[in-house]
Amino acid sequence: MIFDTIPVGTIGTNCYLIGDEAAGVCAVVDPGGSPEKVLAMIEKSGLALQMILLTHGHWDHVGAIPALLEKWPDLPIYAHEKELCPAGEPKPRYFFPHAGKNQRTYDEGDELALGGLQLKVLHTPGHSGGSVVLLVEDVMLCGDTLFAGNCGRYDLSGGDGEQMLQSLKRLADLEGDYKVCPGHSTLTTLEQERQTNPYMRRAMGV
C-alpha cells in the first residue's frame with residue numbers, strides 16, 4: 001500500500017493519499033484545501049485517482065474538491081449521508097454541499113475496494129453526526145474523531161459528547177494496533193492513545 005500525507009488549507013488539515021501500486025490506483029481522503037498541493041501529491045504518486053473519501057463534511061476537510069472535480073469531472077465522492085446539507089437548510093461550514101452526480105454515501109459496515117485494498121467504514125458520531133473512521137490494512141483514517149492525546153470538539157452542529165465517548169470506546173476496543181491518522185496534528189498509534197489519551201481512557205472507564 002502506498003501512503004502519503006500533506007497539511008492543507010488555512011488550519012493545516014491532514015490530507016491523505018492511499019493507493020495500490022500494483023493496480024495503479026489511489027484515493028484522496030479529506031482534501032481540505034490547497035488544491036495545488038493535493039494535485040501535486042497525486043501526480044507524485046503516479047497513480048490514477050479513483051475516489052475522494054470524506055471522514056466528515058466540515059469546511060476544512062472539503063475545500064479542494066471543486067478543483068479536483070475540474071480535473072476529474074466524474075470522480076465519486078463518498079461521505080456519510082448525515083454530512084450532506086439538509087434540504088433548504090444550508091450550513092456550509094458544518095455540512096458538505098451535495099455533489100450531485102458525483103455524490104455517493106457510505107455507512108457502518110460498508111467496504112470499498114481500491115484495487116486490491118479493502119477499506120472498512122466505521123460510523124463514529126461525536127464530532128459530527130456522520131463522522132466515519134476508515135480502516136485499511138494497519139492504517140486508521142479517523143478524521144476529527146481521535147487525535148494524538150485528544151479528540152475532536154463536539155460543540156458544533158451535529159456534535160454530541162456522549163456519542164464521542166462511545167465512538168472512542170469503540171476504537172479502543174478494536175483488536176490489535178493501528179497507525180492513527182487524524183484530521184489534524186501529528187500521527188500516533190492506537191495503542192499509544194489507549195495508554196495516554198485522557199478522553200479515550202475516560203471512554204474506556206480507566
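Author: This predicted model holds two aromatic pairs. Take the pair of tyrosine 78 and tyrosine 106. The ring centres are 5.6 Å apart. The planes meet at 25°. Planes under 30 degrees apart count as stacked, so tyrosine 78 and tyrosine 106 form a stacked pair.

Now place the two residues. Tyrosine 78 belongs to strand β5, residues 77–79. Tyrosine 106 sits in the loop between β6 (103–105) and β7 (111–114). The pair therefore ties together parts that are 28 residues apart in sequence.

Next, the charges over rings. The charged end of lysine 71 sits over the ring of tryptophan 72, at 5.4 Å from the ring centre. Lysine 179 lies over the face of phenylalanine 3. Here the distance to the ring centre is 5.0 Å.

Last, the cysteines. The structure has zero disulfides. Cysteine 15 shows why: its closest cysteine sulfur, in cysteine 26, is 10 Å away, too far for a bond. A disulfide needs the sulfur atoms within 2.5 Å. Cysteine 142 is in no disulfide either. The nearest cysteine sulfur to cysteine 142 is that of cysteine 181, 7.1 Å away. Cysteine 15 is buried, with a relative accessible area of 0%. Cysteine 142 is also buried, at 0% relative accessibility.

Notes
Residues are numbered from 1 along each chain as its sequence is written. This is a predicted model: local features need pLDDT of at least 70, side-chain atom pairs count only at pLDDT 80 or more; totals for chains, interfaces and linings use all residues. Side-chain values use heavy atoms; hydrogens and water are left out. Buried means under 20% relative accessible area, exposed over 50%, partly exposed in between (1.4 Å probe, protein chains only). Rings of Phe, Tyr and Trp (its six-membered ring) pair if their centres lie within 6.5 Å; planes under 30 degrees apart count as stacked, over 60 as edge-to-face and the rest as tilted. Helices (H or I, at least four residues) and strands (E, at least two) are DSSP runs, numbered from the N terminus. A charge sits over a ring if NZ of Lys or CZ of Arg is within 6 Å of the ring centre and within 35 degrees of the ring normal.
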